[in-house]
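Please read the points below alongside the sequence and the model. They are meant for someone meeting this structure for the first time.

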Amino acid sequence: MARARSSASRWRYCNPSYYLKRPKRLALLFIAFVCVSFLVWDRQTLVREQEIEVASLKAELTHLQDLLDELKSIGGNAGGVSGRNGKSSKKSTVPDDPIDIQRREKVKDAMLHAWSSYEKYAWGQDELQPQSKNGVNSFGGLGATLIDSLDTLYIMGLDEQFQRAREWVANSLDFNKNYEASVFETTIRVVGGLLSAYDLSEDKLFLEKARDIADRLLPAWNTPSGIPYNIINLAHGNAHNPGWTGGDSILADSGTEQLEFIALSQRTGDPKYQKKVYSSYAYIGTSSYSTITFGAMGDSFYEYLLKVWIQGNKTAAVKHYREMWETSMKGLLSLVRRTTPSSFTYICEKNGDSLHDKMDELACFAPGMIALGSLGYGPEESQKFLSLAEELAWTCYNFYQSTPTKLAGENYFFHSGQDMSVGTSWNILRPETVESLFYLWRLTGNKTYQEWGWNIFQAFEKNSRIESGYVGLKDVNSGVKDNMMQSFFLAETLKYLYLLFSPSSVISLDEWVFNTEAHPIRIMTRHDNGENLGGSDGQQKQFYRLRGRKEGRRVDD
């Protein structure tokens, strides 16, 4: 009986009526229940959060590993490596920044969108009109966008797109056209694009095609002075200068074939291309124009003085080009002005004896050129020119930041007390500012230039991207769109943006030099002393005019 009572006494704690008669014990039981429940819930929550965090970290790690693998693949294909066909550079590189990887992928996506739109609506034609979804032949049907994009596709590792473009070059590209071609535009876009594709891929098809079109351009140099005519018929070889120049040659056109034609002679072993382009520099180098001043500061002639020196690996054989470039920089310094109140540095235009407080966006290639050239000076001069380049780049960046769309107009005016105001207000997807940001980032390592470039890219994405490609703006204030995707948007703007977020080993500036259409040409040491810039006394005088680096085309419909 005692054992039974003891058992009954224990079971009473399970009877609810026991606690109803004892409120204090009920409260203690409730508190104990709540504490135990909270403890269990808290442990389960921590476990779940930990599992979620671990899963998230694993996913991020997998994503970064995929990006790293893709980067290695791109690095293997890119021409920035020291050898061709994906041979790795022996130089040590800084580890890739995950933010740079992410931004580079965004730029690559933009290239895919632009290229896919071109493939769909304008395949084989020169340029795409995205709004009307059709192609136009702005350069005589030479496939300008396709050839301009070859090296961009290769550098970005877009192998399938590159191969489709290669097949078109092999099977459909025909230069035997009754077309009045610009010697300048055809050289920088077509000859330069094909040579770059050859240097990157080592595919001889591109070299053969480059030689074909160059042979059709050579009769333009059959002039008394050796300065080429600016226009030539590709089928018949008849050459002349544009009517609007009054028969004069254009300096930028006449002096901007050196990189491409020298490279062609180096790769084919045929000296005729190099000899032809020497003639124009021989005349200029011994004429009254040997003291060079700047006109609109848009002339790739000055750019090529520097880059021929770099292309020849800065040897004695090309020293004269460097000397001519340094002379031109003295002319540039005389045109530098600063605004009030913000002290923006700009290069004013000189037309004859008149100076105008105006600067084109085209001139925003100058900061990059000056920064690149600063490396050839002594320490004090080098710092002076690098500082000037950085000041000019800040001005060019503010061309973009000063408008509602954050895209730059075509030119800007400077008035006392008013800093800058946009003049011609269209934007045609130009690359010059991001080109300079690329050079400054590569040469200084200052990530500020990457941030500026990213802001410009985002403005293009917001204002210029449409379902069928990218378009310019008729007005950077209102954001009204035009109907043209310039070939240089794929050749230059997107390439420089991609390289801005790539390791410096990708298209290393120690191994490559860019032509004025952003086509990288491999640097090859020059030791030839047989050619010089001394002209003959019997040369007939020929006049030449200044013109912008590349004008582009606006479409108002």
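1. The structure holds one disulfide, a term used for a pair of cysteine sulfur atoms within 2.5 Å. Its partners are Cys-364 and Cys-396, with sulfur atoms 2.1 Å apart. The torsion about their S-S bond is about -95°, so the disulfide is left-handed. Cys-364 sits in the loop between strand E11 (358-360) and helix H14 (366-374), while Cys-396 belongs to helix H15 (residues 379-401), so the bond ties together parts that are 32 residues apart in sequence. Helices (H or I, at least four residues) and strands (E, at least two) are DSSP runs, numbered from the N terminus.

2. This is a predicted model, in which local features need pLDDT of at least 70 and side-chain atom pairs count only at pLDDT 80 or more, whereas totals for chains, interfaces and linings use all residues. Residues are numbered from 1 along each chain as its sequence is written, and side-chain values use heavy atoms, with hydrogens and water left out.

3. Both Cys-364 and Cys-396 are buried. Buried means under 20% relative accessible area, exposed means over 50%, and partly exposed lies in between (1.4 Å probe, protein chains only). Cys-348 also counts as buried, because its relative accessibility is 1%.

4. Three strands form an open sheet in the order E3-E4-E5, with antiparallel pairing. Strand E3 (180-182) and strand E5 (239-240) are the edge strands, each pairing on one side only. Two strands pair if DSSP finds at least two bridges between them; E3 and strand E4 (residues 231-233) are joined by three bridges and run antiparallel. Helix H7 (residues 183-201) packs on the sheet and touches E3 and E4, its direction making about 65° with that of E3. Contact means heavy atoms within 4.5 Å; axes are lines fitted to C-alpha atoms, for helices over the stretch in contact, and angles run from 0 to 180 degrees between N-to-C directions. Within the sheet, Ser-182 stands opposite Ile-231 in E4.

5. The loop between strand E7 (336-338) and strand E8 (345-347) contains Pro-341. A cis peptide bond, with omega about 5°, links Thr-340 to Pro-341. Ser-343 lies in the loop between E7 and E8 as well; its phi is positive, about 60°, although it is not a glycine. Ser-343 counts as partly exposed, because its relative accessibility is 41%.

6. Which residue other than glycine has a positive phi near 55°? Asp-419 does, and its place is in strand E13 (residues 419-422). With a relative accessible area of 12%, Asp-419 is buried.
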